[in-house]
Amino acid sequence: STKEWRNGGYVVTGAVTIGDRVTVSGEVHLILADGASLTANGGINVEEGNSFSVYAQSVGENMGTLTATGQDDAFIAGIGSEVGASCGTITINGGNVTASGGENAAGIGGSQDGSGGNIIIHGGKVTATGGGFAAGIGGSGGSGGTITIHGGTVEAIGGSLAAGIGSGESGSSGTITIHG
């Protein structure tokens, strides 16, 4: 089964674990309260035409944590699209964000054969790991999309034959802009 987040804002307090994949519909804003943690074991689905923004209550040691893991057997991104679909808009403004893609899926961006969409990082601590032949941040077999990093601490690890930031084995890199 799938959990759906519709237009609006959601606040995470305490420790929350979601076992199913979460689907973002419309424009969703997620606020991580200080000391809070959200674990999305099925990852977070953000497809083209939808947007997902993450915020932290504050910066520093106590900022909230989001951990999203794509499923290997489903070939889906930690935060991003489903198989063959393009990723929507993902904006990370703060928080400790860790995203791992399933087999051939980006940590943040496109799943197998999907493009990376529009990914913007303004702050926080972001760690993204691609599975199989997918980028850490960006696409899998499709374009890397448009990736803009304005700040924060970003670690992106691509899978085998894939870029850390950009695309996977057979995709084009897309547009990557890093300020600072």
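## Reading strands, core and loops in a predicted model

User: What is the relative accessible area of Phe 75, and how do I read it?

Analyst: Relative accessible area tells you how open a residue is: buried means under 20%, exposed means over 50%, and partly exposed is in between (1.4 Å probe, protein chains only). Phe 75 comes out at 30%, so it's partly exposed. Residues are numbered from 1 along each chain as its sequence is written, and side-chain values use heavy atoms, with hydrogens and water left out.

User: Where does Phe 75 sit, and what is its phi?

Analyst: Look in the loop between strand E9 (65-69) and strand E10 (79-80). Phe 75 has a positive phi of about 55°, although it isn't a glycine. Asp 113 is another non-glycine with a positive phi, of about 65°. You'll find Asp 113 in the loop between strand E13 (108-109) and E14.

User: And Asp 113: buried or exposed?

Analyst: With a relative accessible area of 52%, Asp 113 is exposed.

User: You keep saying E9 or E14. How do I read the strands, and in what order do they form sheets?

Analyst: Strands (E) are DSSP runs of at least two residues, helices (H or I) of at least four, and they're numbered from the N terminus. Two strands pair if DSSP finds at least two bridges between them. Here, 7 strands make up an open sheet with parallel pairing, in the order E2-E5-E8-E11-E14-E17-E20. At its edges stand strand E2 (8-12) and strand E20 (175-178), each with a single partner strand, so one side of each has no neighbour in the sheet. There's also an open sheet of 6 strands, again paired in parallel, running E3-E6-E9-E12-E15-E18. Its edge strands, E3 (15-18) and E18 (153-157), pair on one side only.

User: How many bridges join E5 to E8, and which residue does Leu 30 partner with in E8?

Analyst: Strand E5 (residues 27-32) and strand E8 (residues 51-56) run parallel and are joined by 6 bridges. Within E8, Leu 30 has Val 54 as its bridge partner. Carry on to the next pairing: E8 and E11 run parallel with 4 bridges, and the partner of Val 54 in E11 is Ile 92.

User: Now the inside. Which residues touch the most other members of the largest nonpolar core?

Analyst: A nonpolar core is a set of buried Ala, Val, Leu, Ile, Met, Phe, Trp, Tyr and Cys residues joined through side-chain atoms within 4.5 Å. The largest one here has 32 residues, and those touching the most other members are Trp 5, Leu 30, Ile 44, Phe 52, Leu 66, Ile 79 and Ile 108. E5 gives the most to this core, with 3 residues.

User: What does Leu 30 contact?

Analyst: Contact means heavy atoms within 4.5 Å. Leaving aside neighbours within four places in sequence, Leu 30 is in contact with residues including Trp 5, Tyr 10, Phe 52, Val 54 and Leu 66.

User: Which aromatic residues are linked into a cluster?

Analyst: Rings of Phe, Tyr and Trp (its six-membered ring) pair if their centres lie within 6.5 Å; planes under 30 degrees apart count as stacked, over 60 as edge-to-face, and the rest as tilted. The structure holds 2 aromatic pairs, and ring pairs link Trp 5, Tyr 10 and Phe 52 into a cluster.

User: Last one: Thr 91, buried or exposed, and what does it touch?

Analyst: Thr 91 counts as buried, because its relative accessibility is 12%. Its place is in strand E11 (residues 89-92). Not counting residues up to four places away in sequence, Thr 91 touches Phe 52, Ser 53, Val 54, Ile 120 and His 122.

Terms used: Predicted model: local features only at pLDDT ≥ 70, side-chain atom pairs only at ≥ 80, totals over all residues.
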